[in-house]
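Let's take a walk through a protein fold together. Have the picture ready and follow along.

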Amino acid sequence: MTGKNGMTKAQALAEAKRRWGQSGTVKIDTSYPTGPYIVGRYVGGWFFIECMGPTWEAAFVGADRIKRLGSAN
């Protein structure tokens with residue numbers, strides 16, 4: 001599936017692995033009101049959401065924003 005801005009799921013997965021190593025993963029779930037495109041990490045049988053958005057690109061931008069906010073403390 002391609003995000004609205006053109007990033008494919010395969011490209012999003014490659015980006016997730018670049019950011020978070022082999023645990024990086026992506027999924028699509030239309031049950032979330034903030035958007036179906038979810039980026040995160042799969043560790044020890046658990047999926048940890050880094051962020052989600054209306055496109056893969058937006059989800060990664062959100063993950064960057066959250067990381068910046070977390071590192072400010």
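What you see is a predicted model, where local features need pLDDT of at least 70, side-chain atom pairs count only at pLDDT 80 or more, and totals for chains, interfaces and linings use all residues. Residues are numbered from 1 along each chain as its sequence is written, and side-chain values use heavy atoms, leaving out hydrogens and water.

Lys-9 sits in helix α1 (helices are DSSP runs of H or I with at least four residues, strands are runs of E with at least two, numbered from the N terminus). In sequence, Lys-9 and Lys-27 are 18 residues apart, yet their C-alpha atoms are 8.1 Å apart in space.

Now for the sheet. It's an open one, with 3 strands in the order β1-β2-β3 and antiparallel pairing (two strands pair if DSSP finds at least two bridges between them). At the edges are β1 (24-28) and β3 (46-53), each pairing on one side only. On average, neighbouring strands are turned by 30° against each other, direction ignored (axes are lines fitted to C-alpha atoms, for helices over the stretch in contact, with angles from 0 to 180 degrees between N-to-C directions).

β1 and β2 (residues 37-43) share 5 bridges, and Thr-25 stands opposite Gly-40 in β2. Between β2 and β3 there are 7 bridges.
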